[in-house]
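Please open the model in your viewer, and keep the selection panel within reach. The tour below goes from one selection to the next and says what is there each time.

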Amino acid sequence: MAKAILTSLITSPSDLRRARRELEALDEFLHQASLRQGGKGAKLPPTSRMLEDLAADSDLNLLKKTDRDRLRKFLTLLIGKAPVIHMSFASEPSSKFLGQLVAWLRENIHPQVVVSVGLQPSIAAGCVVRTANRQFDLSLRQSLDNQTAAFIKNLRGETPS
Amino acid sequence: MSSLTTWWFVGILGVLLAVTLLLIFVAMHSGSKRKGHRSKESPKDAQTLVDQEVEHIFNDAFREELRNRGRLHFEKIIGENAMFLQQDLRLTTSQLNEYMKTEITRKLKEEFTKYEESIMDAKQLAVDSIQKTNTAIDEQRAILGTQLQAQVAEEKKYLVDKFETDMTRVVNHYILESIGNQIDLSDQLGYIIGELEANKKEIIKDISNG
């Protein structure tokens, strides 16, 4: 359980819930299949790459019930306890961008952190980060506002310190 | 004036008494002449004779004349006294008038002097008060001027600051509107990670506490 690793494809709390739902569906299907009479063909439900990577990164076999149970517990634990960072951008971020960002966050902030993405077009560029108790405005608007004093000094012809 | 009248009256009485004594003396002298003829008469008869002679001299007509004279003289004296009294009264009235005039004039002068002094004092007080008021007004004007200048400077500074702030807001708005949509999010990754790196400790601390 301690070796379970959160794949980079899972970036948000909704991804965690989706993966758990998928895992539960697979588990239900395999349970139904084990009760079914022999000779009848059954097709595995499609699994997402996200779930497959999650199992592969954690060295778990989704066909084994014990591994599925471990993964489900892991996902349930993450859904309840994983630190969530809300990040607002001026436009919808791409998956690649989000993957790179989450990778950096898991490497530098917390290994199980997930990101809840929001849209805030008024910030123009940069982002606004909100944790459980604080907010960090890393937007271009805030950056420009922070440089107001320097701008005014320039306006007055003074040399900004 | 009254003493002079008394002397007149005494003089007249003296003359009358002298005339009376002279008449008595004449009567007695004529009686002594006849004494030789009547030497054998008794003193009682002589006295009667004297009384008769006196009666003969001071008869009713003479008494009436004396009475008239006395009345006329008394009336004359009364008239003179009345005249003197009237003159005295006029003189006294005139002196009284003069005295009253003098006193009233003096009093009026004193009162006017006091009144003038009071007016001068009041005038001086008013002048002092006006001077104090002028001084206070000048001081107040100076204070107000200073305050006004400070307020104008403050207002000017406020307007300049507001202009500068608004200017920065306008420029920021212009920049955001101009280039905000032109910057691709992928190009911002470096900037965002840099900002996250700068706030890394605080984010970790908040996540650990949360």
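Begin by selecting residues 84-89 of chain A, which form strand β1, together with β3(A): the two strands pair in the antiparallel sense over four bridges. Strands here are DSSP runs of E with at least two residues, helices are runs of H or I with at least four residues, and both are numbered from the N terminus; two strands are said to pair if DSSP finds at least two bridges between them. Within this pair, Met87(A) has Val129(A) in β3(A) as its bridge partner.

Before moving on, note that this is a predicted model, in which local features need pLDDT of at least 70 and side-chain atom pairs count only at pLDDT 80 or more, whereas totals for chains, interfaces and linings use all residues. Residues are numbered from 1 along each chain as its sequence is written, while chains are lettered from A and ligands numbered from 1 in the order in which they are written.

A hairpin of four residues connects β3(A) to β4(A). Across this pairing, Cys127(A) stands opposite Leu138(A), and Val128(A) stands opposite Asp137(A).

Is β3(A) mostly covered or mostly open? Strand β3(A), residues 126-130, is mostly covered, with four of its five residues buried; a residue counts as buried if 20 or more other C-beta atoms lie within 10 Å of its own, as exposed if 12 or fewer do, and as partly exposed in between, with C-beta atoms placed from the backbone.

Now select all the strands of the sheet in chain A: four strands form an open sheet in the order β2-β1-β3-β4, with mixed pairing. Strands β2 (114-119) and β4 of chain A stand at the edges with a single partner strand each, so one side of each has no neighbour in the sheet. On average, neighbouring strands of this sheet are turned by 20 degrees against each other, direction ignored. The pairing of β1(A) with β2(A) is parallel and extends over six bridges, and there His86(A) stands opposite Ser116(A) in β2(A).

For the nonpolar core, select Ala19(A), Leu71(A), Leu75(A), Val115(A), Cys127(A) and Val129(A), which touch the most other members among the 39 residues of the largest such core. A nonpolar core is a set of buried Ala, Val, Leu, Ile, Met, Phe, Trp, Tyr and Cys residues joined through C-beta atoms within 7 Å. If residues up to four places away in sequence are not counted, Leu75(A) touches Leu16(A), Ala19(A), Arg20(A) and Leu23(A), contact meaning that the C-beta atoms of two residues, placed from the backbone, lie within 7 Å.

Where they meet, Asp15(A), Ala19(A), Glu22(A) and Leu23(A) of α1(A) face Met50(A), Leu51(A) and Leu54(A) of α2(A).

Follow the chain into the loop between α2 (49-57) and α3 (65-81) of chain A, and select Asp59(A) there. Although Asp59(A) is not a glycine, this residue has a positive phi of about 55 degrees. Is Asp59(A) buried or exposed? Asp59(A) counts as exposed, because there are 10 C-beta neighbours inside 10 Å.

Finally, colour the model by chain. Chain A comes to six helices and four strands, and buried residues make up 29% of its 161 residues. Chain B has six helices and zero strands, and 3% of its 210 residues count as buried. The contact between the chains takes 31 residues from chain A and 26 residues from chain B. On the side of chain B that touches chain A, α4 (60-179), α5 (189-198) and α6 (200-209) of chain B each supply at least two residues.

Definitions and conventions
Axes fitted to C-alpha atoms, helices over the stretch in contact; angles between N-to-C directions.
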